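Me: I'd like to go through this protein step by step. Can you help me read it?

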Amino acid sequence: MSQPGDVPGQAIPPTPMKKIGAAVVIGTALEWFDFFLYSSMAALVFGQVFFPSSNSAGSTLAAFATFAVGFLARPLGGVVFGIMGDKIGRKTVLSLSLLIMGGASGLIGLLPSYATIGVAAPVLLVILRVIQGFGAGAEFGSAIAVSYEHAGAKTRGRYTSLPALGVQIGLLAASLSVTAVTSFGDEFLYSWGWRIPFIASFVLVGVGYWIRRNMPETPEFERVAAARPQRRSRKIFGDLLRSDWRGLLVVAAVYAGYAAISYTFKTFSLSYLSEFQDVPANVGSFGVALASAVAIAVVPLVGRLCDRVDIRRIMLFAAVSVLLIAFPMFWVLDTGKPVFVWAILILGTGILAPIMIVASSPFMAQQFPTDVRASGLGAGREVSGAIAGGLAPLAALTIVTLSPGHATWGVSLLLMGCALLVVVGVLFDQKNRVLLRSSGTNSSPETSTETASERV
């Protein structure tokens, strides 16, 4: 897409796409390893370690509340780092976000328990969770912007699937880690076993930071920066709210629906199985690991499909599929049989959620021009993600806890409502509006811009 600052006929220098792919996938995988690790431990461990109570469901609710607190910090990170991404570049923001989140995650692994230092333990956990959420707010939107801007018009589905691939690799690594530490018994898990994967984050983040610091900036951003030097943060955010508020609403609707669906599948389901169905913790975590392995294969396939099929149709397919399995999902989980549990987790977490996020990545990126893309993605995604992704597992657990007989029909209705949000977002696509504005600013058409990804 031609954007403000583009120079007609200007050739884009070759970009080593393998280096870009490695930086996006590995960095995002490391970030989301930390994030998913926290969500799993909140469901399985943190209630007893940091919020001991005679009521195990109440302890788990308190632990889930800290999970939600991290999501509430994400909008600030998304807005602040999104503006920074449009001002100083995507590369710098991605490197900083990795250090912030990884450092906070490593420190969580060193925290004393409630039994050791009392109320200071949950207080410190909440502080580190806020820092972790602040760093996570910068990650996925900036990674989408980098992938989208390095790709060509005919390969954007393929390359914007890279952040989603990184997420699935991170989820797989976190799930396998949780499966491993829960397989040695509760005494090992609650004493110090849960700390091992958190502390490992220090090493992993060091590797990811080195890779990202050697990543080139996107050509699209460099052209905008050259045409509009010394842009003020207030001006960037003002331009976003004034000219692209429709895109913000579309991205917010789509990502709110996806985030709530995704975290209900892979976070609430773990707690539901262990708290209400007496299914061993390692059964659910291994199911998520299997689903992640499937997703790693599904993501690149869907990315290539997005370059051949209208991405809106793919998103609608995923949303309608969620509508159809919202009730059957819990019928399957209620059997408590590992094979059935793994099958439904693979369908929801390994197939439908990845299809939705892969197709929605280029969809969300095309809602904004280059000069406000990072801030638009950061603000639009993270505000809605904080509300939906952070509160959905807590809301689902509350519904089941308070309902007679621990009924799940309320959670099924919640999933259906979230799927409808995605449908609404698709129906109000702003791509044509952005293209018309851009064509009035610059005469070179979007499709004429060839990038290295098309030449590789």
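Me: Leaving aside neighbours within four places in sequence, which residues is Thr218 in contact with?
Reply: Keep in mind that this is a predicted model. Thr218 sits in the loop between α12 (201-213) and α13 (219-227). If you skip its neighbours within four places in sequence, the residues in contact with Thr218 are Arg90, Val146, Glu149 and His150.

Me: Which side chain does a polar contact of 2.7 Å join to that of Thr218?
Reply: Glu149 is one of the residues in contact with Thr218. A polar contact of 2.7 Å links the side chain of Thr218 to that of Glu149.

Me: Is Thr218 buried or exposed?
Reply: Look at the relative accessible area, which is 1% for Thr218. Buried means under 20%. So Thr218 counts as buried.

Me: OK, now the surface. Which helix gives the largest share of the nonpolar patch?
Reply: The patch is made of Tyr114, Ile117, Val119, Val123, Leu124, Ile127 and Ile131, with about 570 Å² of accessible area together. Both α5 (114-117) and α6 (120-136) supply at least two of its residues. The largest share, four residues, comes from α6.

Me: What about Ile127: how does its relative accessible area of 44% classify it?
Reply: Ile127 belongs to helix α6 and is part of the nonpolar patch. Buried needs under 20% and exposed needs over 50%. Its 44% falls in between, so Ile127 is partly exposed.

Me: Last one: what separates the C-alpha atoms of Val25 and Gly193?
Reply: Val25 is in helix α1 (residues 17-44) and counts as buried at 12% relative accessibility. Beyond its neighbours within four places in sequence, Val25 is in contact with Leu162, Leu165, Gly166 and Ile169. Gly193 is 168 residues away from Val25 along the chain, and their C-alpha atoms are separated by 28 Å.

Methods: Residues are numbered from 1 along each chain as its sequence is written. This is a predicted model: local features need pLDDT of at least 70, side-chain atom pairs count only at pLDDT 80 or more; totals for chains, interfaces and linings use all residues. Side-chain values use heavy atoms; hydrogens and water are left out. Buried means under 20% relative accessible area, exposed over 50%, partly exposed in between (1.4 Å probe, protein chains only). A polar contact is a pair of N or O atoms within 3.5 Å; within protein, one must be able to donate a hydrogen and the other to accept it, and residues adjacent in sequence count only if both atoms are side-chain atoms. Contact means heavy atoms within 4.5 Å. Patches are made of residues with over 30% relative accessible area and no salt bridge: like charges are joined within 9 Å, nonpolar side chains (Val, Leu, Ile, Met, Phe, Trp, Tyr) within 5 Å. Accessible areas come from the Shrake-Rupley method with a 1.4 Å probe; for residues, only the protein chains shown count as cover. A salt bridge is a side-chain nitrogen of Lys or Arg within 4 Å of a carboxyl oxygen of Asp or Glu.
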